[in-house]
Amino acid sequence: MTEEAKHKQTRSAGPLTYRGDSIPRTTTDQRLLDRRGPSDWVHTDPWRVLRIQSEVVEGFGLLSEMPSAVSVFGSARIQPGTPYYELGVQVGRKIAEAGYATVTGGGPGMMEAANKGAQEAGGLSVGLGIELPFEQNLNPYIDMGVTFRYFFVRKLMFVKYSQAFVVLPGGFGTLDELFEAATLVQTDKVTRFPVVLVGTEFWGGLEKWARESLLENGLIKPGDMDLLRMTDDPDEVVEIIKKAHLDIAHRENGSGEGAGPEQ
Ligand SMILES: CC(C)=CCNc1ncnc2c1ncn2[C@@H]1O[C@H](COP(=O)(O)O)[C@@H](O)[C@H]1O
């Protein structure tokens, strides 16, 4: 081939154009498909950043068209047939009857109870699962589910795609979710967010401790205690949420328009 003919040769690679000596010896597909280099880069932070990104993309994709929703948190360990489990079922049922989707952590116990109640009442039942060191599937009462690798990405989804938090009896995981919500509300990071604790006997001790230790030592302001509402009654859970959404809508646009779930 003459030098002139060689220089006229062109290769497009996506938006890129190569001519003459700059044309690579292989195509992008060949490099992708023909080679198998070292794989240690999949365990590096830059690659993890991409995995985190893909979780965010999948989560937003699944949830962005979900109707108004309430996230329900609670113990993974409470067994079916117990009074707390039945309370969880009733809470899920009332949330569904009020027209909200019910979102849980997708696991067993109180999460399963709320999903069961929501599904049985014909509501949309959603599970945002988490990869754990032991084998575990999403509970069987979920209509739409996704399992996350990263706790913090999953937490973002609960906050971004629900309009209220309901907290049933639970352990460390539940407390983490409760206090994350309380902190976001306290610091005005979320402005349209009722948080309802269900089970006065279970949560009463925590409330007393918060008043006696946090409030009396000036570690929270008096109004902060009002951020958390408490009840035993599944009907009241929904009334609190609907009223809070109505108040928020009044504050924002002078009418109740846009409050509550899209029916
Ligand atoms: C049997 C067992 C321990 C299963 C764990 N399986 C789980 N599956 C999904 N979410 C979970 C699980 N464990 C904890 N969580 C998260 O933490 C909360 C419950 O934690 P805990 O049981 O209260 O502290 C739930 O609201 C949930 O979001």
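Strand S5 (125–130) and helix H7 (172–186) each contribute at least two residues to the shell around the ligand. The model is predicted.

**Ligand shell**
- H7 provides the largest share of this shell, with four residues.
- Of the 20 residues around the ligand, those that come nearest are Gly105, Gly107, Gly170, Gly171 and Gly173.
- By class, the shell holds 11 polar, seven nonpolar and two charged residues.

**Sheet**
- Seven strands form an open sheet with parallel pairing, in the order S6-S5-S4-S3-S7-S8-S9.
- Strand S6 (144–148) and strand S9 (228–231) are the edge strands, each pairing on one side only.
- From one strand to the next, the twist averages 20°.
- Strand S3 (residues 69–73) and strand S7 (residues 164–167) run parallel and are joined by four bridges; Phe73 has Val167 in S7 as its bridge partner.

**Helices on the sheet**
- Helix H5 (residues 110–120) packs on the sheet and touches S3, strand S4 (101–104) and S5. The direction of H5 makes about 165° with that of S4.
- H6 also packs on the sheet, touching S3, S4, S5 and S6, and its direction makes about 155° with that of S5.

**Helix H3 against helix H6**
- Helix H3 (residues 45–63) packs with helix H6 (residues 151–161) at an angle of about 30°, and their axes are 10 Å apart. H3 is therefore roughly parallel to H6.
- The crossing of H3 past H6 is right-handed.
- Ile52, Glu55, Val56, Gly59 and Leu63 in H3 meet Val153, Met157 and Tyr161 in H6. This contact has six nonpolar residues, one polar and one charged.

Terms used:
Residues numbered from 1 in each chain as written. Predicted model: local features only at pLDDT ≥ 70, side-chain atom pairs only at ≥ 80, totals over all residues. Axes fitted to C-alpha atoms, helices over the stretch in contact; angles between N-to-C directions. Parallel < 35°, antiparallel > 145°, perpendicular 65-115°, else oblique. Left-handed = near helix turned anticlockwise from the far one by under 90°. Contact = placed C-beta atoms within 7 Å. Nonpolar A, V, L, I, M, F, W, Y, C, P; charged D, E, K, R; others polar. Near = placed C-beta within 6 Å. Pairing = 2+ DSSP bridges.
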